[in-house]
Amino acid sequence: MANTIASRLSAKPPVLSVEFFPPKDEAGEASLYRTAAQIKEEARPDFVSVTYGAGGTTRERTLQHARRLKDEYGFEVMPHLTCVGHSRDELREIISGFRDDGFRAIMALRGDPPKGEKTFKPHPDGLAYGSDLVAFIKDEYPEFEVGAGGYPEKHPEADTLDSDLSNLLKKTRAGADFITTQLFFDNRDFLTWRDKAQALGVNIPIVPGLMPVLSLKQVERFCGFCGATIPQALRERLEAVQGDAKAEARVGQEWATEQANELLESGVPGIHFYILNRSESTLAVIRELSRAGFSLPQAS
Ligand code: FAD
């Protein structure tokens, strides 16, 4: 397949992508599109992705913003999709809609249990795992490239890193084209996990997901949801300046720059930034990486 995300991940320079989420209100929407314009002008990512929410209206917003980012801002856009609450027929309808709107790649996930529920329960005629959604798309819509999620510190529900890795292998065997990871703050976790995944047979590109931290409060909230660990050294650096928003964000930028630098040196095929619809920190990291000599899409 020509010029697919996977083919670019297998070539040079490293692929740069950023993730947006559908905002809740008008102020959030204005901020998303301000950010999109800055990211477009200064970072020129290879592609952007738009997360998929748990509720009905959030889902419509995924599509609405994915379309606008594609049609008005000219990004290559990969919408996310989850199995939460969907029958197979609904999934068919959504995926056909993605195809008709001109999207060519989907990030396929199981999704988290809806608010108030502790365990994930698949729709009676739905899919139970991320690997099932990968297989479903590849089987019925082979024209799509499919990304899947990976967890360097293991998925919070998994008993062990090894059992989670064998489930990552299922996603690969189901036909996933690449893996993007959950955010993490200690590169050793990623590098050890990646080596194990590759040794097990995960032979598709694995892209680390990084989030430049904005504040200690924010990162604590995030890690509460996703199970990532905040290294003591990062916590101490944030605590030392806590309350000074600019200084906290600067610590986050420095940490993400150090992480990205080391990961690029270790040969990762790309970096996916969780930008939280904000541009400043990610752009600061990308500028630093360019200064350090990494050939990323932007250079200004
Ligand atoms: P799965 O791969 O299905 O794994 C879930 C759990 O089941 C794991 O513990 C795994 O080890 C286990 N498991 C997997 N397969 C099997 C099997 N065959 N048998 C037994 N156990 C198995 N969430 C959203 O709601 N919207 C988004 O847009 C979104 N985007 C994301 C993007 C990325 C890059 C990542 C990493 C996560 C994203 N998430 C998103 C979060 C994700 O939905 C949750 O982490 C969810 O709990 C797991 O989804 P998954 O597809 O990785 O799950």
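**Figure 1. Overall fold of the predicted protein chain.** The protein chain has eleven helices and eight strands; helices (H or I, at least four residues) and strands (E, at least two) are DSSP runs, numbered from the N terminus. This is a predicted model, in which local features need pLDDT of at least 70 and side-chain atom pairs count only at pLDDT 80 or more, while totals for chains, interfaces and linings use all residues. Residues are numbered from 1 along each chain as its sequence is written, and side-chain values use heavy atoms, with hydrogens and water left out. Along the principal axes, the C-alpha atoms of the protein chain fill a box of roughly 50 × 45 × 40 Å. The radius of gyration of the protein chain is 18 Å, which agrees with the value near 19 Å that a compact globule of 300 residues would have; the radius is taken over C-alpha atoms, and the globule rule is 2.2 Å times the number of residues to the power 0.38.

Figure 2. Of the 300 residues in the protein chain, 54% are buried, where buried means under 20% relative accessible area, exposed over 50%, and partly exposed in between (1.4 Å probe, protein chains only). The protein chain exposes about 13700 Å², and carbon and sulfur atoms supply 49% of this area; accessible areas come from the Shrake-Rupley method with a 1.4 Å probe. Among contacts with a separation of 6 or more, 78% are between residues 24 or more positions apart, a contact being heavy atoms within 4.5 Å. The mean positions of the 36 positive and 44 negative charges lie 1 Å apart. Lys and Arg count as positive and Asp and Glu as negative, without His and the chain ends; each charge is placed at NZ of Lys, CZ of Arg, CG of Asp or CD of Glu.

**Figure 3. The cis peptide bond between Lys12 and Pro13.** Lys12 and Pro13 are joined by a cis peptide bond with omega of about -5°. Pro13 belongs to the loop between helix H1 (5-9) and strand E1 (15-20).

Figure 4. Arg44, although not a glycine, has a positive phi of about 40°. This residue, Arg44, lies in the loop between helix H2 (26-42) and strand E2 (47-50) and counts as partly exposed at 47% relative accessibility. Leu276, likewise a residue other than glycine, has a positive phi near 55°. The loop that holds Leu276 runs between strand E8 (270-274) and helix H11 (280-291).

**Figure 5. The aromatic cluster of Phe184, Phe190 and Trp193.** Ring pairs link Phe184, Phe190 and Trp193 into a cluster. Rings of Phe, Tyr and Trp (its six-membered ring) pair if their centres lie within 6.5 Å; planes under 30 degrees apart count as stacked, over 60 as edge-to-face and the rest as tilted. By this rule the count comes to eight aromatic pairs. The ring centres of Phe184 and Phe190 are 5.2 Å apart with their planes at 10°, so this pair is stacked. The rings of Phe190 and Trp193 have centres 6.1 Å apart and planes at 45°, so this pair is tilted. Phe190 and Trp193 are three residues apart in helix H7 (residues 187-200), and are therefore separated by about one helical turn. Phe184 and Phe190 are buried; the relative accessibility is 0% for Phe190 and 2% for Trp193, which also counts as buried.

**Figure 6. Packing around helix H5.** In helix H5 (residues 130-140), the buried residues include Gly130, Leu133, Val134, Phe136 and Ile137. Ser131 and Lys138 of this helix are buried as well. The buried residues of H5 pack against strand E3 (77-82), strand E4 (105-109) and strand E5 (145-150), and also against helix H4 (88-100) and helix H6 (161-173).
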